[in-house]
Every structure is written in structure tokens, then in C-alpha cells.
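Please examine the structure shown below.

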Amino acid sequence: MKLDETDQDNRQGLNAEIKYGQGHAIGELLDLLKRGVAALERISPEPQRTDFFSSDIFLWRGDGYLEPIKQSNGLDLLLLHGIDRARDTLYDNTRIFADGLPANHALLWGARGCGKSSLVKAVHRKINENEPGSLALVELLSDDIESLPELYDLLRDTDRRYIIFCDDLAFDDGDKTYKALKSVLDGGVRGSPSNILLYVTSNRRHLLSRDMIENEKSTALHAGEATEEKVSLSDRFGLWLGIHSIDQSAYLEIVEKYADYFNLKIAREELRKEALDWVSQRGSRSGRVAWQFIRSFAGQHGTAIPE
């Protein structure tokens with residue numbers, strides 16, 4: 001059916017209104033988006049810049065920023081007993097590194113509560129007591145292990161030496177994040193930076209669960225090669241320091257040395273009895289348990305000791 005001139009004029013007018021409405025809506029939407037972007041730019045914080053000499057201890061946030069930590073809970077190295085060989089070996093390795101000489105990455109493994117993380121912190125504290133500011137400790141949380149290459153890139157060209165410390169690291173079946181750790185230990189095409197060492201603590205000697213290694217072994221074409229590939233992760237650490245559980249006599253010796261260090265006035269027999277009662281409630285003996293006991297004992301007798 002042929003439209004008359006009036007119908008054609010009406011349709012043209014309607015089309016023009018639709019086009020105008022569509023254009024107006026798009027224009028309003030674009031304007032709204034522009035204002036939203038401008039608002040976000042106003043409220044977004046400026047990128048945080050790291051002052052690498054603002055502290056001796058930092059926490060890596062995994063987002064490109066190092067948070068300076070003003071206080072340390074590191075113990076005096078003299079307070080760590082029952083782990084003399086590991087203590088002396090790690091201290092010597094760290095001192096050599098702080099002096100600008102080559103040293104090794106370290107893997108500290110063993111039972112929980114035996115003093116692995118306390119040893120790393122105490123060694124760092126001792127090094128900086130002897131040479132203030134000579135060494136920075138950067139804590140990397142195990143959940144942020146994939147960001148380790150980024151942290152390396154941030155630190156490698158600075159004028160300071162760093163220990164990157166990752167506590168209680170372990171990889172379970174199906175976890176592929178261990179490849180980030182392996183890549184930095186290998187060095188890649190850029191090579192390993194001379195101003196960074198990596199200290200890792202773990203309850204596992206090879207960082208990987210036995211099931212993970214066995215699963216790889218059972219499904220591989222060459223089982224031996226698969227196992228070697230997994231175990232080779234721990235092989236990339238130059239120092240393996242095994243720290244193990246202690247017997248009752250070592251536990252009591254640690255407690256007594258703590259009491260002497262903090263000048264706690266108590267008869268030896270009473271101290272030993274209370275220390276053994278504490279163990280019976282906890283069901284285990286370790287350096288951590290000894291420290292927890294001495295803190296409780298000191299508090300009950302009105303003596304303040306550090307955290």
C-alpha cells in the first residue's frame with residue numbers, strides 16, 4: 001500500500017526522534033562514563049614508592065610495594081639453644097653475604113616449633129647489631145610465592161643487600177606455584193642477583209608432599225626422571241639445615257638458660273617441675289614450647305620479657 005505524503009512525513013519525523021533519542025542516550029552514557037573515570041582517578045591513591053632504607057625489615061605485599069616494619073620480634077641469637085650447628089652455619093653464611101661476598105640460599109626444615117623461623121630472624125638481628133643497616137629482611141608470605149619474580153626484579157638493582165624470608169612453605173598435590181620459586185633459584189636469562197638471598201623454612205625436606213612426588217612418579221613415562229624433577233627444587237638451595245625435635249634434658253636446659261638470661265629468681269627444682277608440668281599439658285617438647293613456658297612463668301612472677 002502506498003503511503004500518502006502525510007504518512008511519509010509522520011514516519012520521517014518518528015525516525016528522526018528515534019535517532020535523536022538514541023544519540024542523546026549514547027551521549028549521556030559516554031558523559032557518565034567519563035565522569036566515573038575522572039572520579040576514580042581522583043580517589044585512587046598514588047602508587048606507593050618504596051624507600052629501601054626506611055627500615056631493616058619489610059613485608060612484601062605482593063602488589064609491588066614493600067611495607068616497612070618498624071619493630072622486630074626477633075630473639076637474641078644467644079637465646080637459641082639446642083640448635084648450635086644450624087645456628088652457627090646460618091650465621092656464618094649470612095655474615096659473609098652481608099660483607100658483600102658470595103653465599104648460599106638456605107632451606108631450614110624440620111619439626112614444627114623447633115626454632116627455624118626464630119633462627120632466621122635472630123641471625124638477621126645479630127648481623128645488624130654488629131653492622132647497623134647492612135642487611136634488610138623481607139618477609140614473603142607463602143600465599144604470595146607466585147609474586148617472587150616480581151620482588152626479585154624490584155630489589156635486584158638497589159644499593160642494598162636483602163634476605164627474602166618465606167616461612168612455613170610447602171606445596172601440595174596439584175600446586176604449580178613452586179615453579180615461581182624454581183625460576184628465581186635458577187636465575188633465568190638475567191642471572192641471579194648478587195644482592196639477594198632466599199631463606200625458606202618448611203616442615204618438609206623437599207618442600208613437596210610425599211603424595212605429590214609419588215603421584216608424579218606413578219603417572220610419568222619415566223618415573224625416576226619425574227621424581228628427580230620434583231626433588232630438584234630443594235637441591236637448588238646451597239644450604240640444607242635440618243632442625244629436629246629435642247629430648248627432655250635439652251628442653252630443660254633451654255628453660256634454665258632462659259631463666260638465667262632474664263634473671264628469674266626461682267629454685268632449679270621448682271623451675272624444672274613447672275616446666276615439665278607445662279609440657280604434659282602441651283604434649284610436645286620444642287624450643288617454642290620452652291619459650292611459651294618461660295613467658296607464662298615470667299608473667300606470673302611479675303617479670304617483663306620481650307615478645
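The crossing of α2 and α3 is right-handed, a crossing being right-handed if the near helix is turned clockwise from the far one by less than a right angle, and left-handed if anticlockwise. The model is a predicted one, in which local features need pLDDT of at least 70 and side-chain atom pairs count only at pLDDT 80 or more, while totals for chains, interfaces and linings use all residues. Residues are numbered from 1 along each chain as its sequence is written, and side-chain values use heavy atoms, without hydrogens and water.

**Helices α2 and α3**
- The axes of α2 (residues 84-98) and α3 come within 10 Å and cross at roughly 45°; axes are lines fitted to C-alpha atoms over the stretch in contact, with angles from 0 to 180 degrees between N-to-C directions.
- The two helices, α2 and α3, are therefore oblique to each other, a term for angles that are not under 35 degrees (roughly parallel), over 145 (roughly antiparallel) or 65 to 115 (roughly perpendicular).
- On the α2 side, Ala86, Arg87, Leu90, Tyr91, Thr94, Arg95 and Ala98 meet Leu119, Val120, Val123, Lys126, Ile127 and Asn130 of α3, where contact means heavy atoms within 4.5 Å.
- Eight nonpolar, two polar and three charged residues form this contact of α2 with α3; Ala, Val, Leu, Ile, Met, Phe, Trp, Tyr, Cys and Pro count as nonpolar, Asp, Glu, Lys and Arg as charged, and the others, Gly among them, as polar.

**Helices α9 and α10**
- Helix α9 (residues 268-282) packs against α10 at an angle of about 120°, with the axes 10 Å apart.
- That angle makes α9 oblique to α10, and the crossing of α9 and α10 is right-handed.
- Residues of α9 including Leu271, Trp278 and Arg282 meet residues of α10, among them Val289, Phe293 and Phe297.
- The contact of α9 with α10 has seven nonpolar, two polar and two charged residues.

**Largest pocket**
- The largest pocket has a volume of about 570 Å³; on a 1 Å grid, a pocket is an open set of points where a 1.4 Å probe fits, with protein on both sides within 12 Å along at least five of seven lines.
- Of the 32 residues lining the largest pocket (an atom within 4 Å of a point), Gly115, Lys116, Ser117, Ser118 and Arg288 are the closest to its centre.
- Nine nonpolar, 15 polar and eight charged residues make up the lining of the largest pocket.

Methods
Grid points are joined across faces, edges and corners, and a volume is the space filled by probe spheres set on the points. Helices (H or I, at least four residues) and strands (E, at least two) are DSSP runs, numbered from the N terminus.
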